[in-house]
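Here is a short briefing for a reader new to this structure. Please look through the sequence and the model before reading on.

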Amino acid sequence: MTFGIPTLMRPLRTAMLPLVAALVLAGCASVPSGMPSVPTAAQFKEQPQQQPGATAPAGFTRATPAEAQPRGEWWLAFNDPVLNTLVERAAVDNANIQAAAARLAEARALARSAQADRLPQIGLGAGANRGAGLDKATASTRPGTMTNIGATFSYEVDLFGRLSGAADAAKLDAAGREALLQSTRLAVQAEVAQTYLQLRALDAERVLVRESVAAYRDTLRLTQRRQQAGDIAELDVARVQTEVSSTESDALALDRQRAQVEHALAVLVGDSASSFGMRPDDWGTALPVIPPGVPSTVLTRRPDVSAAQSAVMAAQARVGVAQTAWFPNISLTGAAGYASPEIGDLFKWSARSWGVGALLSLPIFDGGRREAGVQGANAQLDGALASYRSQVLVAFQEVEDQLAAIRILQEQSVVQAQAVTSAQRATSLSDTRYRNGYVSQLDLLDARRSELRNRRQALQVKSAQYQATVGLIRAIGGGWEVPAAEKVATR
């Protein structure tokens, strides 16, 4: 039995209908775009209300928001030359910054590689093959050698945007890495500042505790003289000696804590803890006032939010790339050169050869691989969208946390200052009355303990204010620039 050509083509057309329908559906599939909406308030809840007609706090000017922009030399506002030096050292030698810079370089290289796939590929090649039956003209079966040399050309026609989509996704990945590099720099700068300020706070607390030890020793000497004169019992001497030893133990604990903080600072600036050292010094760092701006600007200043946004856009581009798997791939190839069984004749004009070709390929059945690729790309997009929204919410939370901390710590510092003044007055009165024999030793010790506790608490509140200020700068993305006049004054 024989079949005519029209009879053969009918079932072929019927078999191709599902494939054509799939291509049409794939062509109609839309690539998701846009960013998820995150509600923002007119101002931060914890931000103090500005009085009508009042000017913004001085000390900073707002930088122009831009993705992956440098964060500005915000640390100069603290007016501490030692801090400036430490931050500059960390910018060069910190290992985390160097690793983030290497990841950015890798992402940029991948972006260039993806862009190169869109261009024609041209190469040179040479080869030699030995075998029987190479000379078909003479029908000889003797072994022979065929040598060839020439240029090759290949180009994939990007009709459906697969290559351009992959290149766009790689560019967005590189933009995200650049934003993460800025985020790493900001994080390291903030951590250097907070660690240095913690070190200075410990220096001040160590001085305070050692002053208390000296005061207790003075009381101990007085108590010993009175015990020798028979005015008091040995129990009073033991009590004062206990306070001396206990306070000395607190001083040694602060020494241990300071050593650990100093070692952590050495790692941040890229130095060895064995060779790095910071001598104790007075705590003269200024405390700037940081205007947080409005919530919407935080999204443009924070580099981690910019990185999350780039990740969403890259995931959207990869959804489009996955959808192009339903379309055919069209490749053009060409070769030109020389081929000859005799190497001496290889470059003769008669040995020239050339060839061109075109290849169209489309998988008919792949076991669901392309559909799985689309589903996987959509799942990655969903994850990137969720991460972006989470990052935005965390950004607002961190700003609100630091604003609340600054506001409450300011109120606490006022109250604590009053407590310190009262405790110092109580100690002074108790010391005078004890020396005149009007109060017991226990009253004096209680007064001294209360004063030391309140003064240490005041230092800790002050340290927390500095930590919260640096935390706020980090939370708003560090997008503030110190005026030029202040830069000159701090250097």
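Predicted model: local features only at pLDDT ≥ 70, side-chain atom pairs only at ≥ 80, totals over all residues.

Residues are numbered from 1 along each chain as its sequence is written, and side-chain values use heavy atoms, with hydrogens and water left out.

**Overall make-up**

- The chain has 10 helices and 6 strands. Helices (H or I, at least four residues) and strands (E, at least two) are DSSP runs, numbered from the N terminus.
- Of its 491 residues, 37% count as buried. Buried means under 20% relative accessible area, exposed means over 50%, and partly exposed lies in between (1.4 Å probe, protein chains only).
- Among contacts in the chain with a separation of 6 or more, 82% join residues 24 or more positions apart. Contact means heavy atoms within 4.5 Å.

**Helices H5 and H9**

- Two packed helices are described by the angle between their axes and the distance between the axes.
- Helix H5 (residues 234-268) and helix H9 (residues 441-475) have axes that come within 10 Å and cross at roughly 10 degrees. H5 is therefore roughly parallel to H9.
- Axes are lines fitted to C-alpha atoms, for helices over the stretch in contact, and angles run from 0 to 180 degrees between N-to-C directions. Angles under 35 degrees count as roughly parallel, over 145 as roughly antiparallel, 65 to 115 as roughly perpendicular and the rest as oblique.
- H5 passes H9 in a left-handed crossing. A crossing is left-handed if the near helix is turned anticlockwise from the far one by less than a right angle, and right-handed if clockwise.
- On the H5 side, the residues that meet H9 include Asp236, Arg239, Glu243 and Asp250. On the H9 side, Arg449 and Arg456 are among the residues in the contact.
- By class, the contact of H5 with H9 has 6 nonpolar, 2 polar and 6 charged residues. Here Ala, Val, Leu, Ile, Met, Phe, Trp, Tyr, Cys and Pro count as nonpolar, Asp, Glu, Lys and Arg as charged, and the others, Gly among them, as polar.

**Helices H7 and H8**

- H7 and H8 pack at an angle of about 165 degrees, with their axes 8 Å apart. H7 is therefore roughly antiparallel to H8.
- The crossing of H7 and H8 is left-handed.
- H7 brings residues including Val305, Ala308, Val312 and Ala315 to the contact. H8 brings Ala377, Leu381, Ala384 and Tyr388, among others.
- By class, the contact of H7 with H8 has 15 nonpolar, 7 polar and 2 charged residues.

**Nonpolar cores**

- A nonpolar core is a set of buried Ala, Val, Leu, Ile, Met, Phe, Trp, Tyr and Cys residues joined through side-chain atoms within 4.5 Å.
- The largest core has 62 residues. Trp74, Phe78, Leu86, Val192 and Val399 have the most contacts inside it.
- Elements giving two or more residues to this core include helix H2 (81-93), helix H3 (95-116) and helix H4 (162-228). H4 gives the largest share, 13 residues.
- Leaving aside neighbours within four places in sequence, Phe78 is in contact with residues including Leu83, Leu197, Pro288, Tyr466 and Ile473.
- A second, separate core of 6 residues includes Leu220, Val237, Val244 and Leu445.

**Single residues**

- Val244 is in helix H5 and counts as buried, at 1% relative accessibility. Outside four places in sequence, Val244 is in contact with Tyr216, Arg217 and Leu220.
- Val244 and Arg217 lie 27 residues apart in sequence and 6.4 Å apart in space, C-alpha to C-alpha.
- Glu451 is in helix H9 and is buried, with a relative accessible area of 14%. Not counting residues up to four places away in sequence, Glu451 touches Ala423, Gln424 and Thr427.
- Ser463 is also in helix H9 and counts as buried, at 13% relative accessibility.
- Asn79 sits in the loop between strand S1 (61-62) and H2. Its phi is near 55 degrees, a positive value in a residue other than glycine. Asn79 counts as partly exposed, at 41% relative accessibility.
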